[in-house]
Each structure stands twice: as C-alpha cells, then as structure tokens.
Amino acid sequence: MERIKFVITLLLIELSSYSFGQQSDCKTVLLECISSMSSIKTVEPGKVYFIDMSIHSDLKRPNPAIPTSVNVKTYMTSSQISVETNKMVIYYDEYDSFSIIPESKTIIWSNGGKVKDQASRALNLENMQKDVVQKSNIKGCSNNRFNNKDVKSIVLDLPADITKTTKVESIEFTIDINDKRIVKVNSKFSSSNDISSQEIIYNELDYNYKKWKPLPVKERVFKNNKLLPQFNGYRLINNKK
C-alpha cells in the first residue's frame, strides 16, 4: 500500500510540473507572437498596410438590423485610413472624412485630421494584450491544423477583474507556428453581454500592399466637385466646419 501511495505521489508531482511547464511554454509562444505582430508600430511613408479579416458574432437575441457576419478590409498609410465593409465604407485623411452607407444611400462628410500617433497606440495595445496573457490561466494548449497550416491553439481563462471590465470570460488564440502570427481569435462573453461569442479570422495581413493606390480621400467621392457616378442617387450630409 505504501508503495502504491508513493507511486501516486510521484505521478501527481510529475503531472503538476508538466501542467506548469505547459502553461509557461504556451504563454511564452503567445507573448512572442504578440511581440512579433507588434514589432511594426508605424506605417512607413510610401507604404500601404492592409488587413483583411472576417468577424462572426453569435447574438443571444438575434436582431435583423445587426449583421452577425462581416468582412472588414482596412487600408492604412502614414496619413490616411480606409475601412471597407459590406455595410459601410469609411475614408479618412488629414482634410476630410467620409462615411458611406450604401443601404440608405447616404454619404456623411465631416472634418478629417492627422492620423493619431500610431506608435503610441500600438505600444499601448501590445502592453495591454501582454498584461491580459500574464494574468490569465491557460485552459488549453494544443497543436492543430487551420487553412492547411500548422497552428497552435491556446485558450485563456481571464481573471474575474478583467471579465468584469471587458465582459470576456475566455479567449482562444490560433497561432500560425511558422509565421508567428495570430490567424484566428475566438472570444466567449459573460452572461451580461448581448453577444455570446465572437470569432475573428485574419485572412490577410500585408505590410507592403501593392494592390491599392493611396489618394486624397475626397477624390474617392468627388470629381470636379460632383459625386462620382457610383454615388448617383446618394444623399450628401455635409458636416464640414
């Protein structure tokens, strides 16, 4: 009997050390991935940064007015940002801002402004993400396949204080092992949130995108002070000051 107790004790110690080691290793992988993706904090002049992502949300009370799935394409230069979805398009630069809503055939024209300090915002986001990872427990960590690539899936259980603030209970990160970048994020929300879960898939991330030409955003809407042909029938709301 004593021998059996001794073997069980050794087994429990071994499992405990393995669990701790696995948590530590998985957190290291995730933190390295966050650092790698945050290493480029500002858009270099003359370059276009492009992000294509798909977002799917599971609503607790489905609402026809709220899309559950949306594709978001973001184009960013050192002086402008364009965001395109199937519901809205936003163009923003130093001089102008346009919000285009195809469903209601409406264009809202507002003042633009300088693109805020990207490096500072990127650093704040990186620090916040790392803080969440450090404070959370690893619920699961496994190697899988996603889109024909080797990936690691890491599930975090968020601490109560962060859940109280964000209403997020757990996050699953899917990481491309070779590229060291996040390719998918699944979040599960607390019962007080209208969304039960949300999935974000990063379809493409390119820091030197060549298929999109930067233009003053006004030229994407007007030509010779008239709306472009694709906006015929649109109502223009001018909020410029």
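## Strands, a pocket and ring pairs in a predicted model

S153 is found in strand β8, which spans residues 149-157; strands (E, at least two residues) and helices (H or I, at least four) are DSSP runs, numbered from the N terminus. The model is predicted, and local features need pLDDT of at least 70, side-chain atom pairs count only at pLDDT 80 or more, and totals for chains, interfaces and linings use all residues. Residues are numbered from 1 along each chain as its sequence is written, and side-chain values use heavy atoms, with hydrogens and water left out.

### Overall make-up

The protein chain holds 3 helices and 14 strands. Of its 241 residues, 34% are buried, where buried means under 20% relative accessible area, exposed means over 50%, and partly exposed lies in between (1.4 Å probe, protein chains only). Among the contacts in the chain with a separation of 6 or more, 48% are made by residues 24 or more positions apart; contact means heavy atoms within 4.5 Å.

With a relative accessible area of 7%, S153 is buried. Its side chain is joined to that of N144 by a polar contact of 3.0 Å, a polar contact being a pair of N or O atoms within 3.5 Å, of which, within protein, one must be able to donate a hydrogen and the other to accept it, while residues adjacent in sequence count only if both atoms are side-chain atoms. Once neighbours within four places in sequence are left aside, S153 is in contact with G140, C141, S142, N144, E172, F173 and T174.

V155 also has its place in strand β8. Apart from neighbours within four places in sequence, V155 contacts N137, I138, K139, G140, I171 and E172. I171, one of these partners, is in strand β9 and counts as buried at 13% relative accessibility. Not counting residues up to four places away in sequence, I171 touches I154, V155, L156, L158, V185, N186 and S187.

In strand β5 lies S97, which is buried with a relative accessible area of 11%. Residues up to four places away in sequence being left out, S97 touches Y91, Y92, I108, W109, S110, N111 and G112.

The table gives C-alpha to C-alpha distances for some residue pairs.

| Pair | Separation in sequence | C-alpha to C-alpha distance |
|---|---|---|
| S78 and E44 | 34 residues | 6.4 Å |
| V155 and V185 | 30 residues | 9.7 Å |
| I171 and D157 | 14 residues | 6.9 Å |

S78, in the table's opening row, is placed in the loop between β2 (69-76) and β3 (81-84), and at 38% relative accessibility S78 counts as partly exposed.

### The second largest pocket

Rolling a probe the size of a water molecule over the atoms shows where empty space is left. The second largest pocket contains about 170 Å³ of space. Of the 13 residues that line this pocket, S170, E172, N186, S187 and K188 are the closest to its centre. On a 1 Å grid over the protein atoms alone, a pocket is an open set of points where a 1.4 Å probe fits, with protein on both sides within 12 Å along at least five of seven lines, and lining residues have an atom within 4 Å of a point. Grid points are joined across faces, edges and corners, and a volume is the space filled by probe spheres set on the points.

At least two residues of the lining come from each of β1 (49-59), β9 (168-176), β10 (181-189) and β11 (195-206). By class, the lining residues are 2 nonpolar, 6 polar and 5 charged; Ala, Val, Leu, Ile, Met, Phe, Trp, Tyr, Cys and Pro count as nonpolar, Asp, Glu, Lys and Arg as charged, and the others, Gly among them, as polar.

### Aromatic pairs

Across the whole structure, 9 aromatic pairs are found. In one of them, the rings of F231 and Y234 have their centres 5.4 Å apart and their planes at 75°, so the pair is edge-to-face. Rings of Phe, Tyr and Trp (its six-membered ring) pair if their centres lie within 6.5 Å, with planes under 30 degrees apart counted as stacked, over 60 as edge-to-face and the rest as tilted. Both F231 and Y234 are buried. Elsewhere, ring pairs link F50, Y75, Y209 and W212 into a cluster.

### Positive phi in two loops

Most residues other than glycine have a negative phi. K105, although not a glycine, has a positive phi of about 50°; K105 lies in the loop between β5 (96-101) and β6 (106-111) and is partly exposed at 43% relative accessibility. N225, likewise a residue other than glycine, has a positive phi near 65°. The loop between β12 (222-223) and β13 (226-227) holds N225, which is exposed with a relative accessible area of 68%.
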